Amino acid sequence: MASSAPSEPRMAPLSGWESRFVEASESGVVELGERPFLAHVNLRLDPSNLSARARVRETLGVELPLSPNTVSDGAGHAALWLAPDEWLLVGPTGSEGEIVGSLQGALAPYHHSVLDITANRTTLELVGSRAREVLATGCGLDLHPRVFGPGRCAQTLYAKTQLVVWQIDDVPTFRLLVRPSFAPYLAEFLCDAMLEW
Amino acid sequence: MLLISCPWCGERDEVEFHYGGESHIAYPDDPEAITDDAWGEFLFVRNNPSGEFRERWLHTHGCRRWFNLLRDTSTHEIVRSYRMGESADQSSGAERESD
Ligand SMILES: [Zn+2]
């Protein structure tokens, strides 16, 4: 419904940080920026329900991954494994209403939960040949390419802050999904870590 | 710091987890029928071995699943982790490759 659209423009959790990001970044080595407002939808359903999973595939064009900590892509959507019966669906900015509406219709016969959590996290993108080293300054995950590569995700901690880490390509580019109230702290920590490179 | 193997996520730092006490404590079939002593035993009394112990852990900052861990309380050696509903003797859980 158009009438329920917010009348004021949304404020990104890290608006105003652009110059800090430019200052801390070095082209081709490691760069940091915010990708706010990507559509985030939390989906829970029984992973053994083949028909429900097929409905999701038909509706969004993306297969729900069953392997822990993996991501599948399709038709502009990504599905991140969060738990055996829980996924985070990520779509283009502004598509959250459409994702929720279409899934609720498609999954109506099955036990499920679909929730718009777009405002729950913002996204930082850490890109460049040294991005892995920068991330390793505060994160205990094994980030070696043979363990953690494109299409992998993990819920973990960076400098005591809860994060979803998601590698999208070989550059490497990491998407770091963080609570808005922790975003400035995380950005501060990353900008400091980037000084070394 | 311990490196704990979540049966879903694999090896992660101990700080991602919370401890949940002894595992495999069965809820009494008929709580109304048992004595106060037996109820007290169920609620409060736990083993405290020096050696291998089956305990529950929660992967708080990861997949948020409870699971079981077979750990040596004197050496901290983690023998095996396994999912809820599995027994420690089945080896379908994440098993350490060495030792
Ligand atoms: Zn886990």
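**View 1. The open sheet of chain A.** In this predicted model, five strands of chain A build an open, antiparallel sheet in the order β3-β4-β5-β2-β6. Its edges are formed by β3 (71-74) and β6 (112-116) of chain A, each of which pairs on one side only. From one strand to the next, the twist averages 20°.

**View 2. Pairing of β4 and β5 in chain A.** Strands β4 (residues 77-83) and β5 (residues 86-91) of chain A are joined by five bridges in the antiparallel sense. A:A78 has A:V90 in β5(A) as its bridge partner.

**View 3. Helices against the sheet of chain A.** Helix α2 (residues 50-60) of chain A packs on the sheet and touches β2 (39-45), β3, β4 and β5 of chain A. The direction of helix α2 makes about 160° with that of β2(A). Helix α3 (residues 96-106) of chain A lies across β2, β4, β5 and β6 of chain A, and runs at about 165° to β6(A).

**View 4. Aromatic pairs.** Over all chains, the count comes to 10 aromatic pairs. The ring centres of B:Y27 and B:W39 are 6.2 Å apart and the planes stand at 90°, so this pair is edge-to-face. B:Y27 belongs to the loop between β3 (18-22) and α1 (36-44) of chain B, whereas B:W39 lies in helix α1 of chain B, 12 residues apart. B:Y27 is exposed, at 54% relative accessible area, while B:W39 is partly exposed, at 28%. In chain A, one aromatic cluster is formed by A:Y158, A:Y185 and A:F189.

**View 5. Arginines over tryptophan rings.** A:R175 is placed over the face of A:W166, 4.9 Å from the ring centre. In chain B, B:R56 lies over the face of B:W66, at 5.7 Å from the ring centre.

Notes
Residues are numbered from 1 along each chain as its sequence is written. Chains are lettered from A and ligands numbered from 1 in the order in which they are written. This is a predicted model: local features need pLDDT of at least 70, side-chain atom pairs count only at pLDDT 80 or more; totals for chains, interfaces and linings use all residues. Side-chain values use heavy atoms; hydrogens and water are left out. Rings of Phe, Tyr and Trp (its six-membered ring) pair if their centres lie within 6.5 Å; planes under 30 degrees apart count as stacked, over 60 as edge-to-face and the rest as tilted. Helices (H or I, at least four residues) and strands (E, at least two) are DSSP runs, numbered from the N terminus. Buried means under 20% relative accessible area, exposed over 50%, partly exposed in between (1.4 Å probe, protein chains only). A charge sits over a ring if NZ of Lys or CZ of Arg is within 6 Å of the ring centre and within 35 degrees of the ring normal. Two strands pair if DSSP finds at least two bridges between them. Axes are lines fitted to C-alpha atoms, for helices over the stretch in contact, and angles run from 0 to 180 degrees between N-to-C directions. Contact means heavy atoms within 4.5 Å.
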